[in-house]
Every structure is written in C-alpha cells, then in structure tokens.
Amino acid sequence: MSRPTQAIIDLEALRSNYRLATSIAPHSQSIAVVKANAYGHGAVPCAKALEPLVPAFAVASIEEAIELREAGIEKPILLLEGPFGFGEVQIASEHDFWLMIENHNHLAFIEQCEHKNLIRQPLKCWLKMDSGMHRLGFMPFEIKDVYHKLKNSSIVQDDIVVATHFATADVEGDVFVKEQIDCFNEAISDLGCLTSLCNSAGVMAWPQAHGSWNRPGFMLYGASPFDAPQDNDRDLQAVMTLQSKVTSVRDVKKGESVGYGKTWVAQRDSRIATVTVGYGDGYPRHAENGTPILVNNQRCALAGRVSMDMITVDVTDAGAVNIGDDVICWGKDLPINEVAGHSDTIGYELMTRMPLRPPRIYINS
Ligand SMILES: *Cc1c(COP(=O)(O)O)cnc(C)c1O
C-alpha cells in the first residue's frame, strides 16, 4: 500500500468536454489550450488523448510546446504569448509552432529573421489586438498596418488570424464584452482575415463572438468559467478527481479545538476524521472551516486548518466512518469551483497549482 492521495484524470471526460466546445461552436475550429501542464492535469497525456480530435493546441511558452513535441504530439501548437526572443522564432518555424505576434518586438523578430534569411518553413502567425483588456496586443488603430506588414513578409503564411481576449466574458450579458466585440469587428472590418476571440466563457456564453478559431481551456477540464449556472455547462464533466482516504478517526468533546491555531472549536461532541491530503498536495491552505468534502460520498465539512499533508473533517453526521474510507476533495460530485469558492480563489488556480506530489492516474485513455 502507498499513500492513497491521487488525482484521477478521466480522459474520456476530457474528450467529451472538447466535443461539447465544438458542438456549441460548430462553425469555429477549436484550439485546445493545454498550457500550465494542461491546467495541472498533465500536458502530455491530455494532448495525446485530444490529438485525434483537435486541429491544434495552445500553450504559453516554447518549453511547454517542446515538451509536447518530444512526447510525439504532431499537431500545430500556438504560443499564446508569442516568442520570448528572436531565437524562438526559428525554433517555431522548425517545429510548426504558431506565433502570437502581440507587440513591436515580436514584429521586429520576424523582420530580423526575414532579413537574415533564417526561416525555411513560413511561419503561421496570429496577430493579437488589444480591444480593451489592456494586457497584450496592438491597439486597434495599429492593426491594419501590422497585419499588412505580416502579410507582406515572405516568411509569414498568408492565413493570419487576428485575435483578441475578453476581460469580462464570464459575466453574462456584460456590456464591456459587447464593446470589445464591436471594437474588434470595426478594426478588422476590411481585412477579410481569420478571427479568434473566445476563451471558454466566450465559447459558452457569447455565440456572436465565435470566430474562425476559438480557444477553450478551462472548460475542457470540466469546470464552468461562470459563477452562475449556464444552459450548456451542465454537460461539462469534471476531468480531475482529487481523492484520498481517512487515515485516523477520533472523538472530540464540545469545546475542544482541532488543528493548528485552534481555529475550529467543536460546538457539540464531534467525530473528526483525518485525511491524508494537504496543501502539499494542492488542497488549498485557504480553505475555510465548513468547506465541503465527500467522505464515503457524503458531504462533510472541513474542520480546522489545512496542514501540509493532512486535513481534518467533521464526520459527526456521516454515519460510521473508519480508517481507509474514501474521500473526494473535488471531482464529478463536488465541483472544484465550490471548493475554490470557500478558499478565496477560483477553480483555475486550484487546477494549475496542483503539485506533482499526488500521482496522476489516467483512466479511459
Ligand atoms: C489561457 C488562455 C485561453 C483559455 O482560457 P480559458 O478561460 O481557460 O478557456 C484562451 N486564450 C488565451 C489568450 C489564453 O491565454
């Protein structure tokens, strides 16, 4: 027997969520975003599971892209933040990595490579516009000029995708999204270019913004980007189940405390189960008393501070609970967003901060 704390990764759920993204946006191609180790799920196994379905992947850095290539992934891979140096442009051309061109340095890299005759395979470029997020991208008034510069470059492929990113797509009906869409459409109006606007929230709630390409990430892992339920999010399936087991059980008397800092005090005689999962395993240290957790598939409540390797749970109302009983921190029957909501964060952070300590167990590959 080894320590029972594991992240079960359901690859069929991953594929099903990808199919959902494509069925919601049937006229768009969907690039699968697998940055940050596929949001903590394991980039290589997730990309392998998705590769037969997807036209391309997206990651944040060339290291993440190279990891996929070295593992045998052959589909194109978009570098969402573009090249971090001139040398990365050459590597991109050799490995069929697509480049997001989002600032004047990026443009200069391309011009330098053209000038020095360094590129053999023409580059596929995406061109990022800042339509209001004010984080990355060329300003709307610059877009035509930059687009034509790329278009005229002998080392850039013709089918340039102009992209933008929403600041508030997770807020249903938000007027700022509409302003960003209008700004984008106006700036590209006579370019006749390919387009890409939507992350997961855009895919799910903003059909008018579906472009030639969408860029779903979070939804592929089966969690909703929205606080409020949406029509199409009930078909998402959690890909990760973080599970563990009860390793100790004890009774505490009313008035006694549990754990570091004595932050939980029994309001009645209580039964406490200790579970071998902690912040060293990705369970958030910020999880407050009362955070839901499943013990033998029954909802129980976190009692006391999260330790590095352990948590303590109030199982007073959960019937007989014994050492070795099953615990689920999040998964199909307990959305990661719910745990995040009790931990002052979002499901995105819990996923991407998952350390390697809990082994990933891949099922339904
Ligand atoms: C991460 C990222 C996405 C995916 O966003 P989700 O909200 O996870 O779907 C899409 N586009 C860009 C530019 C990104 O950086």
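Modeller: Gladly, and let's start with disulfides. A disulfide is a covalent bond that joins the sulfur atoms of two cysteines. This is a predicted model, and the count of disulfides in it comes to zero.

Colleague: How far is the sulfur of cysteine 193 from the closest cysteine sulfur?

Modeller: The closest one belongs to cysteine 183 and is 13 Å away, which is too far for a bond. Cysteine 198 is in no disulfide either, as its nearest cysteine sulfur, that of cysteine 193, is 15 Å away.

Colleague: Is cysteine 198 buried or exposed?

Modeller: Cysteine 198 counts as buried, at 0% relative accessibility. Cysteine 193 is buried too, with a relative accessible area of 13%.

Colleague: Let's turn to charged side chains. How many salt bridges are there?

Modeller: The general idea is that side chains of opposite charge can pair when their charged atoms come close. Here the count comes to 15 salt bridges. One of them links arginine 19 with glutamate 12, and their closest N and O atoms are 3.4 Å apart. Arginine 19 is partly exposed, with a relative accessible area of 38%, and glutamate 12 is partly exposed as well, at 30%.

Colleague: Which residue forms a salt bridge with aspartate 314?

Modeller: That partner is arginine 268, and the closest N and O atoms of the pair are 3.9 Å apart. Aspartate 314 sits in strand β17, while arginine 268 is in the loop between β13 and β14, so this pair ties together parts that are 46 residues apart in sequence. Aspartate 314 counts as buried at 17% relative accessibility, whereas arginine 268 is partly exposed at 35%.

Colleague: And where does arginine 357 lie?

Modeller: Arginine 357 is in the loop between α11 and β19. It forms a salt bridge with aspartate 281, with 3.4 Å between the closest N and O atoms. Aspartate 281 lies in the loop between β14 and β15, so the two residues tie together parts that are 76 residues apart in sequence. Arginine 357 counts as partly exposed, at 40% relative accessibility, but aspartate 281 counts as buried, at 0%. Through salt bridges that share partners, Arg3, Asp281, Asp309 and Arg357 are joined into one network.

Colleague: Now a helix. Which residues of helix α7 are buried?

Modeller: In α7, which spans residues 143-152, the buried ones are Ile143, Val146, Tyr147 and Leu150. They are on the same side of α7, because they cover an arc of only 100° around the axis.

Colleague: What covers the buried residues of α7?

Modeller: The cover includes strands β6 (97-101), β7 (125-128) and β8 (161-163). Helices α6 (104-115) and α8 (175-187) are also part of it.

Colleague: Last topic: the ligand. Which residues come nearest to it?

Modeller: There are 13 residues around the ligand, and Lys35, Tyr39, Ser200, Phe218 and Tyr348 come nearest. An N or O atom in the side chain of lysine 35 is 2.8 Å from an oxygen atom of the ligand. Tyrosine 348 also has a polar side-chain atom by a ligand oxygen, at 2.6 Å.

Colleague: Which ligand atom lies 2.9 Å from a polar side-chain atom of arginine 215?

Modeller: For arginine 215, that is a nitrogen atom of the ligand.

Key: Residues are numbered from 1 along each chain as its sequence is written. This is a predicted model: local features need pLDDT of at least 70, side-chain atom pairs count only at pLDDT 80 or more; totals for chains, interfaces and linings use all residues. Side-chain values use heavy atoms; hydrogens and water are left out. Buried means under 20% relative accessible area, exposed over 50%, partly exposed in between (1.4 Å probe, protein chains only). Helices (H or I, at least four residues) and strands (E, at least two) are DSSP runs, numbered from the N terminus. The arc is that of the directions from the helix axis to the C-beta atoms. Contact means heavy atoms within 4.5 Å. A salt bridge is a side-chain nitrogen of Lys or Arg within 4 Å of a carboxyl oxygen of Asp or Glu. A disulfide is a pair of cysteine sulfur atoms within 2.5 Å. A residue is near a molecule or strand if one of its heavy atoms lies within 4 Å of it. A polar contact is a pair of N or O atoms within 3.5 Å; within protein, one must be able to donate a hydrogen and the other to accept it, and residues adjacent in sequence count only if both atoms are side-chain atoms.
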